[in-house]
Amino acid sequence: MTRVLMIGAGRMGGAMLKGWTKALGDGFRFTVIDPHADWQGLGLTPGPQLLLGRTLDEFPGDHTADIVVLATKPQNLETALQGARPAIGAGTLVVSIAAGVATRTMQDAIGAGQAVVRAMPNVGALVSRSVTAAFANPEVSPAQRDLVAELFASIGAFSWIETEADLHLITALSGSGPAYYFAFCEAMIASAIAAGLSDEVARVLAIGTLVSAGRLLEDSGDPAGLRVMVTSPKGTTAAALDALGDGGALGALAARALEAARARSVEMA
Ligand SMILES: NC(=O)c1ccc[n+]([C@@H]2O[C@H](COP(=O)([O-])OP(=O)(O)OC[C@H]3O[C@@H](n4cnc5c(N)ncnc54)[C@H](OP(=O)(O)O)[C@@H]3O)[C@@H](O)[C@H]2O)c1
């Protein structure tokens with residue numbers, strides 16, 4: 001039985017838990033601590049494999065966990081770590097999903113020899129379609145790596161990265177990324193309404209287009225190939241793409257957006 005303690009059950013923690021309790025079998029037991037979480041609202045029902053509480057003290061007995069998952073905001077991570085202390089033994093793996101808090105900072109707070117993983121999931125976890133990249137410090141054992149991969153692969157796609165600093169760029173690309181597509185979709189809806197379509201029609205068509213484009217991308221893995229496939233020379237799509245990418249403008253905009261988010265992540269670290 002793998003004992004998992006989660007500290008913080010907000011948007012991300014709640015989404016991950018929902019996916020984990022659904023996807024993983026009785027081999028895992030989750031204890032979840034959050035002072036204000038709305039368990040019902042998160043769709044979580046307590047049971048023998050899922051203990052829900054406001055503080056760890058509510059649960060009697062040995063608190064030692066195999067994995068402690070920290071899912072609070074970065075500014076609350078230190079307090080969260082203190083709350084998790086009774087659960088952290090020499091063999092406990094600490095997994096943080098907080099943006100910008102280095103493994104070294106966490107080791108400084110817990111102890112130099114502690115196994116620590118930093119993972120960057122995204123809001124796709126709400127529909128079990130997160131994309132998660134993670135970095136493990138040298139203290140993480142192969143068996144612990146397997147457990148982390150099992151947890152995150154159960155709620156979407158998972159990959160290990162070997163350079164911790166890459167997490168800044170990954171935060172910019174996929175952690176914050178869903179919002180870019182939401183914003184683009186919003187802009188398309190607003191433009192279509194301004195050009196004369198009804199709100200409802202514009203919304204259904206713009207959202208449906210994004211979803212079907214996503215499905216096609218997932219199947220092919222080749223955005224450039226798909227773009228070429230649907231773009232007839234001198235046709236309507238080509239005209240729009242010329243407007244979007246005029247003089248490399250779209251590429252430059254994407255680069256600026258990624259850099260802005262990456263720089264903010266570095267600043268927050
Ligand atoms: N949201 C995303 O798309 C996303 C993507 C990737 C990574 N992340 C990372 O995920 C982390 C959580 O983000 P979120 O959006 O889920 O934040 P959130 O909704 O604010 O959830 C954090 C939860 O932790 C609780 N909490 C705070 N201090 C605590 C403590 N000491 N012990 C137990 N629980 C505590 C909070 O309670 P109160 O509200 O009462 O303080 C809240 O319910 C962040 O570090 C963020 O960088 C988020």
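1. In strand S6 (115–120), the bridge partner of Ser 96 is Arg 118. Ser 96 belongs to strand S5 (residues 93–96), which runs parallel to S6 and is joined to it by four bridges. Strands here are DSSP runs of E with at least two residues, helices are runs of H or I with at least four, and both are numbered from the N terminus. Two strands pair if DSSP finds at least two bridges between them. Between S5 and S6 the chain passes through helix H3 (residues 103–110), and this β-α-β crossover is right-handed; that is, with the strands pointing away from the viewer, the path from the first strand over the helix to the second runs clockwise.

2. The model is predicted: local features need pLDDT of at least 70, and side-chain atom pairs count only at pLDDT 80 or more, while totals for chains, interfaces and linings use all residues. Residues are numbered from 1 along each chain as its sequence is written.

3. S6 is mostly covered, with six of its six residues buried. Buried means that 20 or more other C-beta atoms lie within 10 Å of the residue's own; exposed means 12 or fewer, partly exposed lies in between, and C-beta atoms are placed from the backbone. Ala 115, Val 117 and Ala 119 point one way from the strand, Val 116, Arg 118 and Met 120 the other way. In a regular strand the side chains alternate between the two faces of the sheet.

4. On the other pairing of S6, strand S7 (130–136) is antiparallel to S6 over four bridges. The partner of Ala 119 in S7 is Ala 134. S7 is in turn joined to S8 by six bridges, in parallel, and Phe 135 has Ile 161 as its bridge partner in S8. The chain goes from S7 to S8 by way of helix H4 (residues 142–153), again in a right-handed β-α-β crossover.

5. What is the strand order of the open sheet? The eight strands run S3-S2-S1-S4-S5-S6-S7-S8, with mixed pairing. Strand S3 (50–53) and strand S8 (156–161) stand at the edges with a single partner strand each, so one side of each has no neighbour in the sheet. The twist averages 20° from one strand to the next.

6. Helix H5 (residues 166–175) lies across S6, S7 and S8 and runs at about 35° to S6. Axes are lines fitted to C-alpha atoms, for helices over the stretch in contact, and angles run from 0 to 180 degrees between N-to-C directions. Contact means C-beta atoms, placed from the backbone, within 7 Å.

7. The ligand is surrounded by 28 residues, the closest being Gly 8, Gly 10, Met 12, Ala 98 and Ala 99. A residue is near a molecule if its C-beta atom, placed from the backbone, lies within 6 Å of it. Helix H1 (11–23) and helix H2 (77–84) each supply at least two residues of the shell. By class, the shell has 15 nonpolar, 10 polar and three charged residues. Ala, Val, Leu, Ile, Met, Phe, Trp, Tyr, Cys and Pro count as nonpolar, Asp, Glu, Lys and Arg as charged, and the others, Gly among them, as polar.

8. Two backbone angles deserve a check. Ser 128, in the loop between S6 and S7, has a positive phi of about 55° although it is not a glycine. Lys 234, in the loop between helix H8 (223–230) and helix H9 (236–244), has a positive phi of about 65° and is likewise not a glycine. Ser 128 is partly exposed, with 16 other C-beta atoms within 10 Å; Lys 234 counts as exposed, with 8 C-beta neighbours inside 10 Å.

Notes:
Contact = placed C-beta atoms within 7 Å.
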